[in-house]
Amino acid sequence: MSVRELVVLGTASQVPTRHRNHNGYLLRWDGEGILFDPGEGTQRQMLRAGVAAHDIDRICVTHFHGDHSLGLAGVIQRINLDKVPHPVSAHYPRSGQRFFDRLRYATAYRETVALLEAPVDTDGPLVRTPGYTLEARRLSHPVEAYGYRLVEPEGRRMLPDRLAAHGIEGPDVGRIQREGSLNGVTLEDVSEVRRGQRFAFVMDTRLCDGVYALAEGCDMLVIESTFLDEDEELAVDFGHLTAGQAARVAREAGVRHLVLTHFSQRYPDPEEFERQARAAGYEADLTVARDLDRVPLPKRR
């Protein structure tokens, strides 16, 4: 059975707290696992969350600040220690190649798995698989940073009433799906377009065009909200978003489920992030992420 869910491994920003580990997020997308921004302590959080190295098929790093990347060394070595039976791809800003190299070879270990380096240096599609297209967009942060977006191809939804009206049933349903027509009846006559799901991951950034492009029409948006609205000046200075800014982006982009994360240590009460997001006019599903949360993607429209 296919599973699409976000496993939250850590929600802290620069400084971890007693209850918030540094960043780390695993997206389960059917049979594939995509690990975003493995910060320090990600290996242990994976153990606590029931995530194995075998679950990782792709790693996406937004930028090379430590809270988003210091866990890479341990994760890469664990992938090799466990002899993961498939190649693992890694995406990260090309300008940070020296940091990636240092983390990949931080200590001695035996390489047993093909790690395919695929650095990012431009906006647009990075890879197309049968299940999704992975895209990147440049963000606005003191160091080069990219956000990521998965877009599932459109499919078709069969309509039982139209199938029945044309007398199509049993094996003929599969046949018209494969061949596109049957006895003068076209696939379009008995089905409708099923919009593919969309997921976006937006970390450290000020408001910019890339944020809106990534969020547009998403079923789930995972987005940083490092600061509360009263500290917007700090957010701008350090290249971050506030809870209200993130929520307004989600509202304007038509996001179905908003996940706020990457919280500054200065805020002990996570509920205030939700209050400010709602005050900004976001009315759809909202999760203020906590470590080890599992957040399912919304059902297809």
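The exercises below concern a predicted model and treat its sheet, its nonpolar core and its salt bridges in turn.

**Exercise 1.** Determine the order of the strands in the open sheet of 7 strands, and state which strands stand at the edges.

*Solution.* 
Step 1. The strands follow one another as β7-β8-β9-β14-β15-β16-β17, and their pairing is mixed.
Step 2. Because β7 and β17 each have a single partner strand, they stand at the edges, and one side of each is left without a neighbour in the sheet.
Step 3. On average, neighbouring strands of this sheet are turned by 15° against each other, direction ignored.
Step 4. As an example of pairing, β9 (residues 146-151) and β14 run antiparallel and are joined by 4 bridges. Within β14, Ala200 is the residue that stands opposite Arg149.

**Exercise 2.** Find the strands across which α9 and α10 lie.

*Solution.* 
Step 1. Helix α9 lies across β15 and β16, and runs at about 160° to β16.
Step 2. Helix α10 lies across β16 and β17, and its angle to β17 is about 150°.

**Exercise 3.** Describe the largest nonpolar core: which residues touch the most other members, and which elements give two or more residues?

*Solution.* 
Step 1. The core holds 32 residues, of which Leu221, Ile223, Val255, Leu258, Leu260 and Phe273 touch the most other members.
Step 2. Two or more residues come from each of β14 (198-202), α7 (209-215), β15 (220-224), α9 (243-253), β16 (257-261), α10 and β17 (285-288). The largest share, 6 residues, is that of α9.
Step 3. In soluble globular proteins, nonpolar side chains tend to be buried together.

**Exercise 4.** Is Ser225 buried or exposed, and which residues does Ser225 contact?

*Solution.* 
Step 1. Ser225 is located in the loop between β15 and α8 (232-238).
Step 2. Its relative accessibility is 0%, and therefore Ser225 counts as buried, the cut-off being under 20%.
Step 3. Apart from neighbours within four places in sequence, the contacts of Ser225 include Leu241, Thr242, Ala243, His262 and Phe263. Leu260 and Phe273 are also among them.

**Exercise 5.** State how many salt bridges the whole structure contains, and examine the pairs Asp121 with Arg94 and Glu272 with Arg275.

*Solution.* 
Step 1. A search of the whole structure gives 21 salt bridges.
Step 2. In the bridge between Asp121 and Arg94, the closest N and O atoms are 2.8 Å apart. Asp121 belongs to the loop between β6 (115-117) and β7 (124-128), and Arg94 to the loop between β5 (88-91) and α4 (97-104), so the pair ties together parts that are 27 residues apart in sequence.
Step 3. Asp121 is partly exposed because its relative accessibility is 45%. Arg94, with 43%, is likewise partly exposed.
Step 4. Glu272 and Arg275 form a salt bridge at 2.7 Å, N to O. Both residues lie in α10 (residues 271-279), 3 residues apart, about one turn of the helix.
Step 5. Glu272 has a relative accessibility of 23% and so counts as partly exposed, and Arg275 is partly exposed at 45%.
Step 6. Salt bridges also link Arg4, Asp30, Glu152 and Arg300 in a network.

Methods
Residues are numbered from 1 along each chain as its sequence is written. This is a predicted model: local features need pLDDT of at least 70, side-chain atom pairs count only at pLDDT 80 or more; totals for chains, interfaces and linings use all residues. Side-chain values use heavy atoms; hydrogens and water are left out. A salt bridge is a side-chain nitrogen of Lys or Arg within 4 Å of a carboxyl oxygen of Asp or Glu. Buried means under 20% relative accessible area, exposed over 50%, partly exposed in between (1.4 Å probe, protein chains only). A nonpolar core is a set of buried Ala, Val, Leu, Ile, Met, Phe, Trp, Tyr and Cys residues joined through side-chain atoms within 4.5 Å. Contact means heavy atoms within 4.5 Å. Two strands pair if DSSP finds at least two bridges between them. Axes are lines fitted to C-alpha atoms, for helices over the stretch in contact, and angles run from 0 to 180 degrees between N-to-C directions.
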